[in-house]
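I opened this notebook to keep track of what I looked up. The entries follow in the order of my checks.

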Amino acid sequence: SRQVEDYDRSLQLTSDAILNAASKRLDSGEISYLEWVILVNQSIEIKSRYLNTIQRRNEIAFSIEELQGK
């Protein structure tokens, strides 16, 4: 599906970039632990939306198979 392709192309890179930048900034003292947690949560939220999209796609596929009698 398009949502999955969009994630694979850009959102995964964005999520990883947020996580990497947050960790580097925490290590260098640029941000506090609380700011780091907020950024990590943003990264996790992106990944969570992706997994929810995959789950919905799979549920729809199973429903279609049931309707088709497969």
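Is tryptophan 36 buried, partly exposed or exposed? I found tryptophan 36 partly exposed, at a relative accessible area of 21% (buried is under 20%, exposed over 50%, partly exposed in between, with a 1.4 Å probe and protein chains only).

I noted the basis: this is a predicted model, where local features need pLDDT of at least 70, side-chain atom pairs count only at pLDDT 80 or more, and totals for chains, interfaces and linings use all residues. Residues are numbered from 1 along each chain as its sequence is written, and side-chain values use heavy atoms, leaving out hydrogens and water.

I searched for aromatic pairs and got one. Tyrosine 33 and tryptophan 36 are stacked, with 5.5 Å between centres and 25° between planes (ring centres of Phe, Tyr and Trp, the last by its six-membered ring, within 6.5 Å; planes under 30 degrees apart are stacked, over 60 edge-to-face, the rest tilted). Both lie in helix α2, residues 33-68 (helices are DSSP runs of H or I, at least four residues, numbered from the N terminus). Tyrosine 33 is exposed at 56%.

I then looked for salt bridges and found three (a side-chain nitrogen of Lys or Arg within 4 Å of a carboxyl oxygen of Asp or Glu). Aspartate 16 bridges to lysine 47 at 3.0 Å. Aspartate 16 is in helix α1 (residues 2-28) and lysine 47 in helix α2, so this pair ties together parts 31 residues apart in sequence.

I listed arginine 25 with glutamate 30 at 3.7 Å, and glutamate 45 with arginine 49 at 3.6 Å. Glutamate 45 and arginine 49 sit four residues apart in helix α2, about one turn.

Methods. Helix = DSSP H or I, 4+ residues; strand = E, 2+ residues; numbered from the N terminus.
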